[in-house]
Amino acid sequence: MVIHIATLLGSVVTTFAKRLLMPILGLWASAMVCAFSFTAIAAVESASFTLTNAATAGTSTANNTAPIKIVTTIQQQWQFNLLKEALRRSGQSYQVEQMSTQMNQKRKVEEALAGTVDVFWSMTSKELEETVLPVRIPLFKGLLGNRLLIIRKTDEARFANVKTLADFKRLKAGQNRYWPDASILEANGLPVVTSYQYTNLYPMLEGGRFDYLALGAQEIGDELASHPDPALKIDTHILLQYRSPAYFFVSPKRPELAAAILAGLENMISDGSFDEMFNRELKIDKLYRDAQFEQRVIIRLDTPDLSPLTPIERQELWLDLFSMQGAK
């Protein structure tokens, strides 16, 4: 493996570079040739590195083929590691620039349409799939549509008494206005209070503006830990469930990139490495033990805006949660 650190520009410090470099070394040391450099894009710090397909590395070098540059907003470990592995398996060499600026979904779509951002991830919607290019492989195998609730501790008994959707409709949800979840809840007749800033939802919940904040089962523990509040807790009684996969989305200006990511992901699904990586990185066995899905009352919602092209029939792409009966 060949590794070289390029020039650090601006205020990017050595310790920051090491923090980015070491996790990637552990994952890719036996798989590829990689290089790291740090550059500034539009006055925003970004990390850039090269992914070279191991099987074609020698050929690419001999032909002086330049890596294909792509820009992504993806920061989250699982989604980013999955993107890297898919690209590595696609048969092309890529120089990936990871932007560190924070963008809401509306801004990501705008940047993708402009060609400034090449790939991001999001929960899907019909409108989003018609605007940018979806790679229709559910990144969380449907887990993101299995929602647990952050509630006020003083309301624990109220939630424990919920048995039906009608009961649940008496409670008010909090949502980010830009998330597709808000439209799903509203379409199912649930009262919703929204905020354009995600971080505002926690003090709004504590202050009684709404009754619960629904988050993906795989993220809710870390999210509550990131917004500690002694008045809040994770509900142990309800599983809110709707079919709403998250995909990689690609700029319409880069259809060849969407095809490459899809090819890499399909390769991973075929050889079982997608599931192996998914189970390991998201600690799925522990999540099932901790969440106790089957002992919860399942409130199932329709997703009226779900694209007919959603690959529901491909059972290998989904967890078994949608077939559970739950508590009675």
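Strand S5 (residues 94-99) is largely enclosed by the rest of the structure, because five of its six residues are buried. The model described here is predicted.

S5 pairs with strand S4 (residues 68-72) in the parallel sense, over five bridges. Within this pairing, threonine 72 stands opposite glutamine 98 of S5.

In soluble globular proteins, nonpolar side chains tend to be buried together. In this model the largest nonpolar core comprises 78 residues. Phe168, Tyr212, Phe248, Ile261, Leu265 and Phe293 have the most contacts inside this core. Helix H11 (residues 255-271) gives the most to the core, contributing seven residues. Apart from this core lies another, of seven residues, including Ala112, Phe120, Leu128 and Val132.

Leaving aside neighbours within four places in sequence, isoleucine 261 is in contact with Leu83, Ala86, Leu87, Val119, Val135, Phe248 and Val250.

The average pLDDT of the protein chain is 83, and 80% of the residues score at least 70.

| Stretch | pLDDT | Contacts beyond near neighbours in sequence |
|---|---|---|
| Residues 1-48 | below 50 | 80 contacts |
| Residues 54-62 | below 50 | seven contacts |

Where pLDDT is low, the predicted coordinates should not be read in detail.

Note on methods:
Residues numbered from 1 in each chain as written. Heavy atoms only, no water. Core = buried A, V, L, I, M, F, W, Y, C linked by side-chain atoms within 4.5 Å. Buried < 20%, exposed > 50% of the residue type's maximum accessible area, 1.4 Å probe, protein only. Helix = DSSP H or I, 4+ residues; strand = E, 2+ residues; numbered from the N terminus. Contact = heavy atoms within 4.5 Å. Pairing = 2+ DSSP bridges. pLDDT = per-residue confidence, 0-100.
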